[in-house]
Amino acid sequence: MLKNNFIQDIYDQAQNYLNKDIKICGWVSNIRDLGGVKFVLLRDRTGILQLVFKKGITPDEEIMKSKDLVKESVICIDGVLTEGKSSLKYEVQVKKLNILNKPYEPIPLDPDTSTDAQINVRLDYRWLDVRNRKISSIFVFESWVAKNFRDYLTEKGFVEIFTPKIVSTGTEGGAEVFPVIYFGKEAYLAQSPQFYKQLAVISGLERVFEIGPVFRAEASHTVRHLAEFHGLDFEMGYINNVNDVMDTVEGFFRRMVEKSKKDELIKQVREFFSLDVSIPEKVPRIPIREAYKILEKYDKHLPYGSDLDTESERILGEYAKKEYNSDFVFVTEYPWKVRPFYTMRKEDDDQWTYGFDLLFRGLEVATGSQREHRYDMLIKNLKDKGLDDKKFKFYLDFFKDGTPPHGGVGLGLERIVKQFLNLDNVREARFLPRDTERITP
């Protein structure tokens, strides 16, 4: 049975439907039986519509059918749209009821109040949790973010690519990988599409992007980490310097902030979440050595040359908001010792790099850099990291036949959604999250 309309369509085009026959489908959210009249609230992801079963309007056999309704029954109805007499602006006088399905047992989680439950309970019954319109709006928004990423880069001449997720070696050269058996050989789930993005640039595609799954075997029990997430990645050739990459990242977020205020595709999201995000004309870019000094003023003491920890990111986020009225801040020129071997090092001091992070409300949501494109320097970088260059032969071979200067970034889709919507836990932004404990549903 084809569902022709969402409830929001009925509201948006009410003048075309008013006092006319309509068909609408959804889940039963609530039932009130007052004897001579029964009110049923019908829910779909876009809204709530009141159905009225009333003697003299609804045929007797349809009223009898309605006695079988329970919460979360799946139904379609035919009826006449009229102006409502309650807080809901419109209602439907039911003429025909078709019960498609009913729960087989008492529901373990009420969708309308699922947000009151603990996150683990919600995830155990995710199919019920997502029927809650506030929760479903998170995934409407997530889809919208991915669409904007795709549209933005396509308009800038980028080509979407689709890279392998079974790889022969870890991208970062570390241990945070999931091993898999691949036809009797050991392989790994991809930590990122990094090597293949670079191959695509070197292949002559020049500007590429991908939206795809990323796997990290980090035994992290935080509200920021997932073992599987979706990455928004791009790589661009013929850059002048790393600022070209940061400019492109900044342009993406500026586009999202502006469109979030008016795009009809996420009208539902604005019902439940404030999308008020501050982005100045120029997002501040702070070298990490300056960031160490800023942190000292907040009594946060990081060893010189170390990576930022969670508290440092939070403090720098607060600093950017206070000093620049910006929810975003780039931290640049990261130490070489905390960056992957393919990151380009600064010419004047090779202990620092052209690597950056973007913090969004105090959480890292993007990591990028200018990449090292010179074959001999890549060999040196691998050795300096204590890595065996023979294990990276397939990657190094890309760079023997003419490689343009290039750079790129990897963004975490779920982290972007978490920060934009001010969610407490990144698991809320993943439809079916995977972490150290969870592999079902």
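Modeller: Of the 441 residues in the protein chain, 53% count as buried. The model is a predicted one, and its secondary structure comprises 14 helices and 16 strands. Along the principal axes, the C-alpha atoms occupy a box of roughly 85 × 55 × 40 Å. Among contacts with a separation of 6 or more, 66% join residues 24 or more positions apart. The accessible surface amounts to about 20,800 Å², and carbon and sulfur atoms contribute 50% of that area. The chain carries 67 positive and 70 negative charges, whose mean positions lie 3 Å apart.

I turn now to the part requested. According to an unreviewed UniProt entry, the annotation "binding site" covers Arg216, Ala217, Glu218, Arg224, His225, Leu226, Glu364, Gly412, Leu413, Glu414 and Arg415.

Ala217 belongs to the loop between strand S10 (207-215) and strand S11 (228-237). With a relative accessible area of 26%, Ala217 is partly exposed, because this value falls between the limits of 20% for buried and 50% for exposed residues. Apart from residues up to four places away in sequence, Ala217 touches Glu176, Val177 and Phe178.

Arg224 is also located in the loop between S10 and S11. When residues up to four places away are set aside, Arg224 touches Thr310, Leu363, Arg415 and Val426. One of these partners, Thr310, is joined to Arg224 by a polar contact of 3.0 Å between the side chains.

Beyond its neighbours within four places in sequence, Glu364 is in contact with Glu313, Asp357, Leu358, Leu359 and Arg415.

His406 has a relative accessible area of 0% and is buried, since the cut-off for buried residues is under 20%. Two polar contacts involve the side chain of His406: one with the side chain of Gln198 at 2.9 Å, and one with the backbone oxygen of Pro404, also at 2.9 Å. Outside four places in sequence, the contacts of His406 include Gln198, Val201, Glu235, Met236, Gly237 and Phe399.

Some backbone features elsewhere in the chain complete the account. Most residues other than glycine have a negative phi, and most peptide bonds are trans. Glu206, in the loop between helix H7 (194-205) and S10, has a positive phi of about 70°; this residue is partly exposed, at 38% relative accessible area. Glu72, in the loop between helix H3 (60-66) and strand S4 (74-83), has a phi near 75° and is buried, at 3%. The peptide bond from Thr440 to Pro441 is cis, with omega near -5°, and Pro441 is found in the segment after helix H14 (413-421).

How values were computed
Residues are numbered from 1 along each chain as its sequence is written. This is a predicted model: local features need pLDDT of at least 70, side-chain atom pairs count only at pLDDT 80 or more; totals for chains, interfaces and linings use all residues. Side-chain values use heavy atoms; hydrogens and water are left out. UniProt positions are given in the numbering used here, feature names are shortened, and annotations may be inferred rather than shown by experiment. Helices (H or I, at least four residues) and strands (E, at least two) are DSSP runs, numbered from the N terminus. Buried means under 20% relative accessible area, exposed over 50%, partly exposed in between (1.4 Å probe, protein chains only). Contact means heavy atoms within 4.5 Å. A polar contact is a pair of N or O atoms within 3.5 Å; within protein, one must be able to donate a hydrogen and the other to accept it, and residues adjacent in sequence count only if both atoms are side-chain atoms. Accessible areas come from the Shrake-Rupley method with a 1.4 Å probe; for residues, only the protein chains shown count as cover. Lys and Arg count as positive and Asp and Glu as negative; His and the chain ends are not counted. The place of a charge is taken as NZ of Lys, CZ of Arg, CG of Asp or CD of Glu.
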